[in-house]
Amino acid sequence: MTPGSRVTLAKDFDPSFKAGLNKKKEGVALLEEGVRLLSEYQARLAAQDTWGVLVVLQALDAAGKDGTIRHMMSGVNPQGVAVHSFKVPSSEELDHDFLWRYAQRLPERGQIGIFNRSHYEEVLVVRVHPENLDRQKLPKAAKKGDIWQRRYREINDWERYLTDNGIRVVKIFLNVSKEEQRIRFLRRIDLPDHNWKFSSADLAERTRWDDYQKVFSEALSQTSTEWAPWYVIPADRKWFARVGAAAVLVNALMDINPQFPVVSDAQRQALLEIKKELEAQAPKGAAPDPFEQERQADKAAASNGGGRAADGDKR
């Protein structure tokens, strides 16, 4: 989304859009490449230990948030990723400001954090169900004026603060149609092993579809900024939503362009001294450095027009 633009979900975005991809297998191939790139850039992000990445994932029920996370992050090191889902606030969370519980779960430098639902619930669900606002124990003065405009500003300021401090904020909205949601709800009912996914509360929330379309449109319009723009991903086809979300995250990581640290000359010399010690400890008949031996063999094969499969350590 262009920062500062005003949008209406139903008018400005098509949930069934496929960007010219007509077959699922095309999307699968693209997703595999996206997963490969995510794995590479995540390793560099962790090694550099300078930036953190916060992925904000919002959607209506049954839009495919869980599946998108599972497929998109399938190739990354789990030690470098943390996924947080935010349910009904606890009594402790209600005793703090509305951003407090989200601030507790921000990613560290070198990590990717994913909010499966996020601080935007405070201007979405809370706005559709204002009784939730009453439970936040706000003083009367805090409820005066346009509280939603104030929260938009506070969210924008918070995200600017995070960005200024090295936390890249990547915001993704999975846009599913009302008819596709109906079909997915029916699937959850028809398939016994999916029954656990369905709640009567989902159907109750569906009756507020128009209200949610309105508050989502308003939130997207008010909080798509230069430092943290929104990306609206068509989600009627799950495979396309996964490709789109992965592409957005890969693009953000490529923009950061983290690099593996380069050691100093003195550190490199120290490593070479340690290498000599380890080579001297090789058992009789064993190569002093099997990895270096393989590297040299690969180079020789490549220079002769051959080459072996680059599959890393052969042992």
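In these legends, Asp, Glu, Lys and Arg count as charged, while Ala, Val, Leu, Ile, Met, Phe, Trp, Tyr, Cys and Pro count as nonpolar, and the others, Gly among them, as polar. The model shown is predicted.

**View 1. The largest pocket has a lining of 17 nonpolar, 10 polar and 19 charged residues.** The space in the largest pocket comes to about 1400 Å³. Its lining counts 46 residues. Nearest the centre lie Asp-61, Lys-65, Lys-87, Arg-117 and Asp-202. Several helices each supply at least two lining residues, among them helix 3 (65-72), helix 5 (100-103) and helix 6 (125-128). Helix 9, helix 10, helix 11 (209-223) and helix 12 (238-256) also each supply at least two.

**View 2. The second largest pocket has a volume of about 210 Å³.** This pocket is lined by 16 residues. Closest to its centre are Asp-97, Phe-98, Gln-136, Leu-138 and Arg-151. Helix 4, helix 5 and helix 8 (147-164) are the elements that give two or more residues to the lining. Helix 8 gives the most, with 4 residues. By class, the lining of the second largest pocket holds 7 nonpolar, 2 polar and 7 charged residues.

**View 3. Two arginines sit over aromatic rings.** Arg-151 lies over the face of Phe-98. The distance to the ring centre is 4.3 Å. Both Arg-151 and Phe-98 are also among the residues closest to the centre of the second largest pocket. In the other case, the charged end of Arg-160 is placed over the ring of Trp-227. Here the distance to the ring centre is 4.6 Å.

**View 4. The structure holds 8 aromatic pairs, and Phe-86 with Phe-115 is one of them.** Their ring centres are 5.0 Å apart. The planes meet at 80°, over the 60 degrees required, so the pair is edge-to-face. Phe-86 lies in the loop between strand 2 (81-85) and helix 4 (91-94). Phe-115 belongs to strand 3 (residues 112-116). The pair therefore ties together parts that are 29 residues apart in sequence. Phe-86 is buried, with a relative accessible area of 9%. Phe-115 is buried too, at 0% relative accessibility.

**View 5. Phe-185 and Phe-198 form an edge-to-face pair.** The ring centres lie 5.3 Å apart, with the planes at 75°. Phe-185 is in helix 9 (residues 178-190). Phe-198 sits in the loop between helix 9 and helix 10 (200-206). The pair thus ties together parts that are 13 residues apart in sequence. Phe-185 is buried, with a relative accessible area of 5%. Phe-198 is partly exposed, with a relative accessible area of 23%.

**View 6. Phe-17, Trp-239 and Phe-240 form a cluster.** Ring pairs link these three residues.

**View 7. A search of the whole structure finds 1 cavity of 30 Å³ or more.** The largest cavity holds about 30 Å³ of space. Its lining consists of Tyr-120, Leu-124, Phe-216, Ala-219, Leu-220 and Trp-230. Helix 11 gives the most to this lining, with 3 residues. By class, the lining of the largest cavity has 6 nonpolar residues, no polar and no charged.

Technical notes: Residues numbered from 1 in each chain as written. Predicted model: local features only at pLDDT ≥ 70, side-chain atom pairs only at ≥ 80, totals over all residues. Heavy atoms only, no water. Phe/Tyr/Trp six-rings, centres within 6.5 Å; stacked < 30°, edge-to-face > 60°. Buried < 20%, exposed > 50% of the residue type's maximum accessible area, 1.4 Å probe, protein only. Lys NZ or Arg CZ within 6 Å of the ring centre and 35° of its normal. 1 Å grid on protein atoms, 1.4 Å probe; cavity = no way out; pocket = protein on both sides within 12 Å on 5 of 7 lines; lining within 4 Å. Points joined across faces, edges and corners; volume = space filled by probe spheres on them.
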